[in-house]
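Trainee: I'd like a close look at one part of this model, please. Take me through its surroundings piece by piece.

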Amino acid sequence: MEISVTTEARLSRPATGIVHLGLGAFFRAFGCVYVADAMAASGGDWGIVGVSLRSPGTRDALRGQGWAYTSVTLGPNGEETRSIDVLNGVLVAPEDPSAVLAAMAEPGVRIVTLTVTEKGYCHNPASGDLNTEHPDIIHDLAHELPVSAPGFLVRALQMRRSAGLAPFTVLTCDNLPENGKLVRGVVLELAGLIDSELATWIDREGRFPSTMVDRITPATTQADIARVAELTGRPDAAPVMHEPFAQWAVEDDFVDDARPDLAAAGAEMVADVTAHEHMKLRMLNGTHSALAYIGYLAGHETIADTVADPVFAAYVRMLWSEITPTVTAPPGVSLSAYADALFERFANPSIRHRTWQIAMDGSQKLPQRILGTLRENLDAGRDSPALFLAVAAWMRYVGGADETGNLIDVRDPLADRFRAVSEGAETPAERVEALLATRDVFSADLANRLRAPLTKAAEHLWSVGVRTAIRDLTG
Ligand code: CS2
C-alpha cells in the first residue's frame with residue numbers, strides 16, 4: 001500500500017521545465033516558492049533541476065529527503081513552515097559537467113534560471129563586459145566542458161542549436177542592474193569567441209529578460225536546522241529561512257512565451273524592469289551594504305541589531321535621503337513608503353542576517369549598489385556624506401582589521417589585493433588613493449571625483465571611530 005502511494009506521487013510529479021544554476025538558499029526560498037505557487041494555480045511541467053556549480057553540500061543534504069525541504073517564514077510574531085517540493089534533482093557541476101549540459105539541452109527545459117552571485121557572471125564590475133582574463137573564462141575557451149555559468153549557458157545553447165531545438169530563456173535572478181542585458185552581453189561575447197554563428201543565433205533567437213528579485217534570506221545555521229526539526233517534528237538537513245516579504249518583477253519576454261504562470265504566484269510581469277531594479281538595488285542593497293560595513297565595524301552582528309541602535313537608525317534614514325533623488329519610482333510606488341517598509345524589514349528581529357554575510361564580495365557589489373548613486377549625485381552637485389562614509393567604511397573593512405585591531409575574515413575575490421594594498425598605505429589618505437586605483441571597481445574618472453570627499457570621510461572615520469563619525473553626521 002505504502003509503495004503504491006509513493007509510486008503514484010512520483011508519477012504525478014511535474015516534468016522538468018527549468019534548470020537552475022547556483023542552487024543556494026535564496027533561490028530555494030524565492031524562485032522555487034514562486035514556481036510551486038504558479039504550478040498550484042495553473043499547472044504546467046515546471047519541475048526544477050538544481051545545479052550546484054561548486055560543492056555537493058546542498059545535493060547531499062537534499063537527496064535523502066527526496067529533494068523536498070522546509071521553507072520557514074520568519075515573521076515578527078513567529079515562524080510558519082511549508083514544505084517545498086518542486087526540485088526533481090540536484091546536479092553538482094564539477095562532478096559531472098556533461099550531466100549538467102545534458103539537462104540544459106533537454107527539449108522539455110524551456111528556462112534556465114540563475115543565482116550565481118555577482119561574481120558568477122565573470123564580468124568586470126565597473127564596465128559590465130566579460131572578463132576574458134578570468135581563469136574560469138580562460139578555461140571555458142580552451143575546453144568543451146565548462147566551469148563558469150556563462151560557459152554552461154553557451155555550451156548548452158550550442159548543443160540545442162545543433163539538435164535543432166529552440167534556445168532556453170535565460171532568467172537571471174541576481175542583484176545586478178539590467179541583469180538580463182548583462183548576462184546576454186557576457187553570453188554573446190563568450191559565444192562569439194567560440195563560434196560566431198552560434199553568437200548570431202543566440203542574438204536572434206535567445207531571450208534574456210531582466211528581473212528584480214527581493215526576499216531577505218540569511219544563511220541557514222545549525223541552530224535553524226534544530227529549530228525546524230522542533231517546529232515540524234521532522235529532520236530537515238537543508239531548510240531555508242526567510243522574511244515574509246517577497247517581490248519578483250519580471251520582464252515578460254520568454255522564448256515562445258513558455259513560462260510558468262508567475263503572475264498567478266504574485267510576480268509582477270512588466271515590459272521594463274529598470275525602475276524596479278534601480279529602486280531595489282540602490283535603496284535596499286545599497287543601504288544593506290552600507291549598514292554591513294558600518295555595523296560590522298561598530299560591533300553589530302546583524303542588520304536588525306544595527307538598526308535597533310538609534311544612531312544607526314538615523315544613519316540609514318540619511319542614506320535614503322541621499323539615494324532617493326537618483327531613483328525613479330516604478331508606477332504606483334511611493335519611495336518614502338518603500339523606505340519605511342524597508343526599515344521595518346531590516347528591523348525584523350527574527351531575521352539574523354549577519355553584517356559579515358552581506359559584507360562579502362563588496363568589490364562586486366559596490367558599483368551598482370552605491371557608486372552609481374554617488375556618480376549621479378556628483379553630476380547633480382548634491383552632497384552625499386553618508387554614502388561617502390559607507391565607502392570609507394568598506395575601505396577600512398577590506399584592510400582586514402577592525403577599529404580595535406581584531407582581524408576581519410574578508411571574503412572577496414579581490415581580498416588579497418585589498419589587504420596588500422592597505423598594508424602598504426600608512427595614512428587613511430594613502431589607503432583611499434591605493435584602493436581607488438582598483439579599476440575593476442572604480443573607473444579612472446570616478447576615482448578622480450571621489451578622491452577628495454572619500455579622503456575627508458576616511459580621515460574622520462579613522463580619527464574618531466565609526467560610532468562618533470555617524471553621530472557627527474546625523475547630529
Ligand atoms: C544582501 C542581499 O547579501 C547581500 O548582499 O544585500 O542578499 C539581500 O538580502 C537581498 O537582495 C534581498 O532581496
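Which strands does helix 11 lie across?

Mentor: Happy to! This is a predicted model, in which local features need pLDDT of at least 70 and side-chain atom pairs pLDDT 80 or more, while totals for chains, interfaces and linings use all residues. Numbering starts from 1 along each chain as its sequence is written.

Helix 11 lies across strand 8 and strand 10, at about 35° to strand 8 (DSSP runs numbered from the N terminus: helices H or I, at least four residues; strands E, at least two; angles, 0 to 180 degrees, are between N-to-C directions of axes fitted to C-alpha atoms, for helices over the stretch in contact). Those strands belong to an open, mixed sheet ordered 8-10-11, with strand 8 (211-214) and strand 11 (268-270) at its edges. Strand 10 (residues 247-251) pairs in parallel with strand 11 over three bridges (pairing takes at least two DSSP bridges), and A249 has E268 as its bridge partner in strand 11.

Helix 11 also meets helix 13 (residues 310-323): their axes come within 10 Å and cross at roughly 140°. Among the residues in contact are M283, A290 and L291 of helix 11 and F312, Y315 and W320 of helix 13 (C-beta atoms, placed from the backbone, within 7 Å).

Finally, helix 11 (274-297) is one of the elements giving two or more residues to the shell around the ligand, and its three residues are the most given. That shell includes L284, N285 and H288 (backbone-placed C-beta within 6 Å of the molecule).

Definitions and conventions
Two residues are in contact if their C-beta atoms, placed from the backbone, lie within 7 Å.
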